[in-house]
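Have a look at the picture, then read the points in order.

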Amino acid sequence: MDKKTARQEIREKIQKLNQREIHKYNREINSHIVNSRLFLEGKVIMGYLGEPGEVNIDQSLQTALNMGKTVCVPQILEGPGEMAAARLVTLKKLGRDRYGIRTPQEPVETITPEDIDLVLTPGLGFTAQGERLGRGAGYYDRFLPRCTKGVPMAIGYEVQVQKELPTNAHDAKVRYLCTEKGLRVCKNNGK
């Protein structure tokens with residue numbers, strides 16, 4: 001199976017979830033995140049501002065802000081597939097970037113990837129071995145290797161977990177996988 005086909009099949013599975021299931025799963029996933037040792041001990045947390053089809057982790061981001069943690073989210077840069085970590089100080093008054101994704105309003109403080117402790121990582125598909133299939137632009141594949149101490153934790157619904165995925169050597173892996181069923185260590189436990 002190629003990446004395009006795998007992405008389409010996973011999108012169809014996500015679309016079959018009803019709103020009640022999505023709200024329930026989002027609550028459960030956020031609970032698993034904020035109660036994890038990685039979140040509780042992390043001082044700098046990178047999340048994302050979810051769009052339809054992605055787990056909404058706004059609750060986890062707000063909890064991190066309330067705890068006084070430094071929180072950052074992706075900021076798409078001009079270069080192809082390049083992103084930075086923009087500091088998030090509030091979930092109110094967010095803007096939209098050129099792709100329509102919620103983003104902190106300018107001016108933003110940039111957080112160095114090396115300072116991030118935990119990276120809550122979205123994607124379309126995941127495996128128990130830590131493989132991640134993104135949306136195809138490679139932003140996280142380029143960014144995660146720069147997070148030298150940051151632990152990548154994939155965030156998704158259980159329907160996104162596959163036995164295998166068509167991935168390449170340059171596709172960044174994750175160490176943990178968090179779904180509505182809980183947080184698990186990926187079998188490769190590598191980066």
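1. Helices (H or I, at least four residues) and strands (E, at least two) are DSSP runs, numbered from the N terminus. Bear in mind that this is a predicted model, where local features need pLDDT of at least 70, side-chain atom pairs count only at pLDDT 80 or more, and totals for chains, interfaces and linings use all residues. Residues are numbered from 1 along each chain as its sequence is written, and side-chain values use heavy atoms, with hydrogens and water left out.

2. Start with the sheet. It is an open one of eight strands with mixed pairing, in the order β6-β3-β2-β1-β7-β10-β11-β12. The edges are β6 and β12 (182-185), each of which pairs on one side only.

3. Now the parallel part. β7 and β10 run parallel and are joined by four bridges, with Thr121 opposite Ala154 in β10. On another side of the story, β1 pairs with β7 in the parallel sense over two bridges, and Met46 has Val119 of β7 as its bridge partner. β10 also runs parallel to β11, over three bridges; there, Ile155 is partnered by Cys178 in β11.

4. How well covered is β7 (residues 118-121) on its faces? Both are covered: Leu118 and Leu120 on one side, and Val119 and Thr121 on the other, are all buried. Buried means under 20% relative accessible area, against over 50% for exposed and in between for partly exposed (1.4 Å probe, protein chains only). As background, in a regular strand the side chains alternate between the two faces of the sheet.

5. The antiparallel part comes next. β2 and β3 pair in the antiparallel sense over six bridges, and Val71 stands opposite Leu88 in β3. These two strands make a hairpin with six residues between them, and Gly81 in the turn has a positive phi of about 70 degrees. β3 is also joined to β6 (residues 110-111) by two bridges, again antiparallel, with Ala85 facing its bridge partner Ile111 in β6. Five of the six residues of β3 are buried, so this strand is largely enclosed by the rest of the structure.

6. Helix α4 (residues 58-66) deserves a look. Its buried residues are Asp58, Ser60, Leu61, Ala64 and Leu65. Seen down the helix axis, they fall within an arc of 160 degrees, so they line one face of α4; the arc is that of the directions from the helix axis to the C-beta atoms. Among the elements covering them are α2 (19-34), α3 (37-41), β2 (70-76) and β3 (83-88). Just after α4, Gly68 takes a positive phi of about 85 degrees.

7. Which residues does Arg102 touch, leaving aside neighbours within four places in sequence? They are Leu49, Gly50, Glu51, Asp58, Leu94, Gly95 and Arg96, where contact means heavy atoms within 4.5 Å. Arg102 lies in strand β5 and, at 16% relative accessibility, counts as buried. Its side chain makes a polar contact of 2.9 Å with that of Asp58, and one of its side-chain polar atoms lies 3.3 Å from the backbone oxygen of Gly50. A polar contact is a pair of N or O atoms within 3.5 Å; within protein, one must be able to donate a hydrogen and the other to accept it, and residues adjacent in sequence count only if both atoms are side-chain atoms.

8. Gln160 sits in the loop between β10 and β11 and is buried at 2% relative accessibility. Its side chain reaches the backbone nitrogen of Tyr157 at 2.7 Å, and a polar atom of that side chain lies 2.9 Å from the backbone oxygen of Gly123.

9. Last, the rings. The structure holds one aromatic pair. The rings of Tyr25 and Tyr157 have centres 6.2 Å apart and planes at 50 degrees, so the pair is tilted. Rings of Phe, Tyr and Trp (its six-membered ring) pair if their centres lie within 6.5 Å; planes under 30 degrees apart count as stacked, over 60 as edge-to-face and the rest as tilted. Both Tyr25 and Tyr157 are buried.

Conventions. Pairing = 2+ DSSP bridges.
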